[in-house]
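Please open the structure in your viewer and keep the selection panel at hand. The stops below say what to select and what is there.

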Amino acid sequence: MSIQWHKSTCPYCGFGCGLMVGVEQGKVVKVKGMEDHPTNKGKTCILPANYPPIFTDKDRLKHPMLRRDGKLVPVEWDEAISHVASVLRQIIAEHGPGAVAFYGGAINLTEEYYLMNKLMKAAIGTNNMECSTRLCMASTAVGFVSTLGADAPPACYADIEKADLFLIAGNNMAVSVPVLFQRVRASKEKNNVKVIVIDPRRSATADIADIHLQLKPGTDVPLNHTLAHILLKEGFVNEDRVEHYASGLRDLKALVEKYPPSRGAQITGCPENQLIEAARAIGSAKAMLTFWFQGYNHSSQAVYKNNTLHNLSLLTENFCRPGAGPLSITGEANAMGNRWVGSLAHLLPGMRMVANSQHRKEVADFWKIPADNISQAPGRSIMDSIKGLHTGDIRALWVMTTNPAASIPNTRWVTEALGKAELLIVQDIFHPTETTLLGDVIFPAAQWCEKTGTFISAERRIELVQAVIDPPGEAKPDYEIIWLMARAMGFEKEFPYTSPEEVFEEFKKITKGRLCDMNGVTYERLRGNIGPQLPCPDADHPGTPRLFTDWRFPRPDGRAALLPRDYKAPGDTLDEQYPFALITGRLAGQFNTRTRTGRSPQLNKMAPDAFIEIHPEDALKLNISEGQEAEISSRRGSFRLPVRLTDRLLTGTVFIPWHYGSALWVGEGKSVNLITSTVCDIHSKQPEYKFSAVQIRPVS
Ligand SMILES: Nc1nc2c(c(=O)[nH]1)N[C@H]1C(S)=C(S)[C@@H](COP(=O)(O)OP(=O)(O)OC[C@H]3O[C@@H](n4cnc5c(=O)[nH]c(N)nc54)[C@H](O)[C@@H]3O)O[C@H]1N2
Ligand SMILES: Nc1nc2c(c(=O)[nH]1)N[C@H]1C(S)=C(S)[C@@H](COP(=O)(O)OP(=O)(O)OC[C@H]3O[C@@H](n4cnc5c(=O)[nH]c(N)nc54)[C@H](O)[C@@H]3O)O[C@H]1N2
Ligand code: SF4
Ligand SMILES: [Mo]
């Protein structure tokens, strides 16, 4: 029998490479890049290419399970669903809807987030609905809303071939988005593009930099202010033109006046002449494209880092034209869909806000419910829900497509909280994961290629990912599990769906007239074709590559905002006892909590186990050598790892890859989140994974 090829989109990062999935005798046997896809032109990184064993792994969940006498036992779907519905109804009757919370991931389908929003925010009546986007892109979203007036990433991938300067800040794309990195490198070579990398580590991405600003961790805001100071002082800013499309110039000038190169150098540790060289490169660029990622968002100053980077683009007119602007890449495959459906506790579907009464009314009218049914207070962020489990204010948590027991900071605090839930529902494709091990109820889910629905990529491109094989055993698509649960809770009328296409057709109506308008999209249009970039308001609309090309922004005065943001040092403080700044981040061979990649033999061989990187000078002082075990402690706990020496770090900083938990075979206590800081950005509520104060001791 020959291989049947089907078009799909990558289920890992949000760059959204087009893929071809090869199926033979009901099994996925091969995954390769789609030759004529505009995003990747046939290329892929190693992640999707190594997907086939992940479909058939022995740990795939095949039956619902309930915990009885401490043990998870398989049950029928009917029993699992009616049990969960009755416990949820009872908790809501006794403690109100606010005692229930939902926490999802960012690789679900747009349709699934829509259903969950409707179930939680309309039917049950609580805004306690969150997704792992809180840990990932929440700050980028808040950054866009404050600077531009909407969470609307303006640039597109075609800008990569049109820019003459790439400013890459806190984004190790060589590891985290390798196909993007290949495009960036190719454009650099072909078009002689200059590259500035801002990262406290000499990362693989920094290897192609013309200027690498190796700043002290957490000092991006003063660095950006210093660059703005030089741009203004050296006459690179046409103030009249800027005033035309951006407000706030006077206040920004007053603030950055206080950041001359000497002060910038002192705070960031970057040499003065290098800061001047970087600012001049920005000032002289014809088209600057900026990239940033978790080096920004995983910070207590995350939103301010975003705002002050956008200040640089706005000051230099690097916006709204080919090759210029902020090009935000999203973390997980459908992180963009997730944001636009409103899968955070302060959002509503179609780029709307809970706190806005007009938005609440529009959504309530659409759902044909009284406006008061949507609570006017934003719900709990996931960090607040964990606190709520500790205090008893949250009684039930439904976790779907995310692994909080491994990915939220301060693991002991998280697992204790999950243990206190009266009802912990975990909906995943595998058991064990760190979180399924704690569940009271396990729902087995179908995954990518086993269900149909839409993903939206970082450049706002919507694509259909289709079911091409059957899920194992009794596993069901997440959308079906949600509508079965909703009906069992008494919402038959509101959840009459029989297919994801019906859900999409309903959802798209509420995007009408919004920047995420998808009314020109149908499954039929997407089937077998490259999807359009949103907004795409009607059937013959070709899609929208770039936003705000008329330099008008969705803010009250039509201008974008230059924002004067004060600098604050990271939340966790270094002292004599905890003198090292711990940075956590990614490896090419593993993805997030590695429930998938850790089950691919090839990927696991590449990146089998955790380690700590230390600068050789620090190692000498600590009397630690390459390969030796070290004990790493923070104010929250401690664990042990083998040491690797590297001068790619600054002295005083250390790096640990964060993928390794306890549920797969690396054993207990390898998860760096045992020791990471729970300090969050107050504006985005996103944790500061990139700065924890730690101590290191050799283990003899
Ligand atoms: N192979 C692989 N690819 C992935 C993932 C994966 O797990 N594995 N995960 C996906 C997801 S969900 C995401 S969100 C992305 C994340 O992708 P990235 O954000 O690119 O990855 P990270 O390694 O988390 O962090 C990026 C860089 O930030 C730097 N950094 C740390 N502190 C600071 C600081 O204060 N300032 C600056 N400027 N930089 C700093 C780090 O040294 C690091 O090199 O990757 C996606 N792609
Ligand atoms: N220390 C530290 N911690 C971090 C980070 C860091 O850099 N450092 N990065 C943060 C970031 S950026 C992110 S995005 C988060 C990610 O944190 P998580 O969301 O917890 O990470 P994943 O491993 O992607 O979890 C996805 C889960 O969904 C399951 N799954 C896969 N497909 C499906 C499906 O179709 N349906 C269902 N129901 N389940 C499915 C997988 O088996 C897995 O358990 O972690 C954050 N945590
Ligand atoms: S770069 Fe991202 S989207 Fe492309 S193949 Fe790799 S993980 Fe998938
Ligand atoms: Mo992420």
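Select ligand 2 and the shell of residues around it: domain 2 (65-136 + 333-527) and domain 4 (580-698) each give at least three residues to that shell. The model you are looking at is predicted.

Stay with ligand 2 and show its surroundings. Of the 31 residues around ligand 2, the nearest are S407, D428, T593, T595 and N673. By type, the shell around ligand 2 holds 10 nonpolar, 15 polar and six charged residues.

Select E332: an N or O atom in the side chain of E332 is 3.1 Å from an oxygen atom of ligand 2. Next select R586, where a polar side-chain atom lies 3.1 Å from a nitrogen atom of ligand 2. Then select Y689; here a polar side-chain atom lies 3.4 Å from a nitrogen atom of ligand 2. How much of ligand 2 does the protein bury? Taken alone, ligand 2 exposes 930 Å², and the protein buries 98% of that.

Move to ligand 1. There are 31 residues around ligand 1, and D199, G218, R586, Q590 and N592 come nearest. Keep R586 selected: an N or O atom in the side chain of R586 is 2.7 Å from an oxygen atom of ligand 1. Select D220, where a side-chain N or O atom is 2.8 Å from a nitrogen atom of ligand 1. At G170 the contact comes from the backbone, with an N or O atom 3.4 Å from a nitrogen atom of ligand 1. Ligand 1 taken alone exposes 920 Å², of which the protein buries 99%.

Zoom out and colour by domain. The protein is divided into domain 1 (4-55), domain 2 (65-136 + 333-527), domain 3 (139-329) and domain 4 (580-698). Select domain 3 and domain 4, whose C-alpha centres lie 27 Å apart. Their contact takes 24 residues from domain 3 and 23 residues from domain 4.

Between them, domain 3 and domain 4 bury about 1900 Å², with 54% of it on carbon and sulfur atoms. Select R201, R202 and H298: they supply 34% of the area that domain 3 buries against domain 4, more than any other three residues.

Finally, look at the polar links across this interface. Domain 3 and domain 4 have two salt bridges across their interface, and 13 residue pairs are in polar contact there. For a salt bridge to inspect, select R202 with D647: their side chains meet at 3.5 Å, N to O.

Key
Residues numbered from 1 in each chain as written. Chains lettered and ligands numbered in written order. Predicted model: local features only at pLDDT ≥ 70, side-chain atom pairs only at ≥ 80, totals over all residues. Heavy atoms only, no water. Near = heavy atom within 4 Å. Polar contact = N/O pair within 3.5 Å; in protein donor to acceptor, adjacent residues only side chain to side chain. Areas by Shrake-Rupley, 256 points an atom, 1.4 Å probe, with all protein chains shown as cover. Nonpolar A, V, L, I, M, F, W, Y, C, P; charged D, E, K, R; others polar. Domains from an automatic or database assignment. Contact = heavy atoms within 4.5 Å. Buried area = accessible area lost by both parts, 1.4 Å probe. Salt bridge = Lys/Arg side-chain N within 4 Å of Asp/Glu carboxyl O.
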